Amino acid sequence: MKAEFTKQMRKALLELKEEILYTLAQESDEFRELIEDKDPKDLVDIATDDIDKRMLEILENQDIKRLNLIEAALSRIENERYGFCMKCSAKIPEDRLKAIPYATLCLPCKSKEERKNR
Ligand SMILES: [Zn+2]
């Protein structure tokens, strides 16, 4: 994976995360209190671990799932594993990552997963 591309994706992931956190803050007073005293720049440092259990219950499941995927992708960037499928280690095409920066599975593995969950 090219360093420049990874850098771009890291930026995209952080922006996505900020967007989700802001949306959540608009939907939930409790969540707003949680992030209120933080500098907007620090928002990106909020890990899903910081959001306590009670909070998780009131938040939309879908958003939490996306936040988790974003966290996972960010830590994969740190570990230089970003862009490789979590299942089969195949390289994930850049076009797919551009469309979904937090994709952790290649397309064949993703469709297998989806068939299993249906
Ligand atoms: Zn795969």
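1. Burial. Buried residues account for 14% of the 118 residues in the chain. Keep in mind that this is a predicted model.

2. Fold content. The chain has six helices and zero strands. Along the sequence, the pattern reads α-α-α-α-α-α. Take the contacts between residues at least 6 apart in sequence: 55% of them join residues at least 24 apart.

3. Core. Which residues form the largest nonpolar core? There are 10 residues in this core: Met9, Leu13, Ala73, Leu74, Tyr82, Ile92, Leu97, Tyr102, Ala103 and Cys106. Two or more of them come from helix H1 (3-27), and two or more from helix H4 (61-78). In soluble globular proteins, nonpolar side chains tend to be buried together.

4. Helix H1. H1 has 25 residues. From its first C-alpha to its last, H1 reaches 36 Å, close to the 36 Å expected at 1.5 Å a residue. The buried residues of H1 are Met9, Leu13, Lys17, Leu21 and Leu24. Note that Lys17 is on that list. Met9 and Leu13 also belong to the largest nonpolar core.

5. Pro101. Look next at the loop between helix H5 (94-99) and helix H6 (107-117), where Pro101 sits. Is Pro101 buried or exposed? Pro101 counts as buried because it has 22 C-beta neighbours inside 10 Å; the cut-off for buried is 20 or more. Leaving aside neighbours within four places in sequence, Pro101 is in contact with Met9, Ala12, Leu13, Leu16 and Ala73. Pro101 and Leu13 are 88 residues apart along the chain, yet their C-alpha atoms are separated by 6.3 Å.

6. Tyr102. Neighbours within four places in sequence aside, Tyr102 is in contact with Leu13, Arg66, Leu69, Ile70 and Ala73. Leu13 and Ala73 are also among the contacts of Pro101.

7. H1 against H2. Two packed helices are described by the angle between their axes and the distance between the axes. For H1 and helix H2 (residues 29-36), the axes come within 6 Å and cross at roughly 125°. That angle is why H1 counts as oblique to H2. The crossing of the two helices is left-handed.

8. Residues at that crossing. Which residues of H1 meet H2? Leu21, Leu24 and Ala25 do, and their partners in H2 are Phe31, Arg32 and Ile35. Leu21 and Leu24 are among the buried residues of H1.

Note on methods: Residues numbered from 1 in each chain as written. Predicted model: local features only at pLDDT ≥ 70, side-chain atom pairs only at ≥ 80, totals over all residues. Helix = DSSP H or I, 4+ residues; strand = E, 2+ residues; numbered from the N terminus. Buried ≥ 20, exposed ≤ 12 C-beta atoms within 10 Å, placed from the backbone. Contact = placed C-beta atoms within 7 Å. Core = buried A, V, L, I, M, F, W, Y, C linked by C-beta atoms within 7 Å. Expected span 1.5 Å × (residues − 1). Axes fitted to C-alpha atoms, helices over the stretch in contact; angles between N-to-C directions. Parallel < 35°, antiparallel > 145°, perpendicular 65-115°, else oblique. Left-handed = near helix turned anticlockwise from the far one by under 90°.
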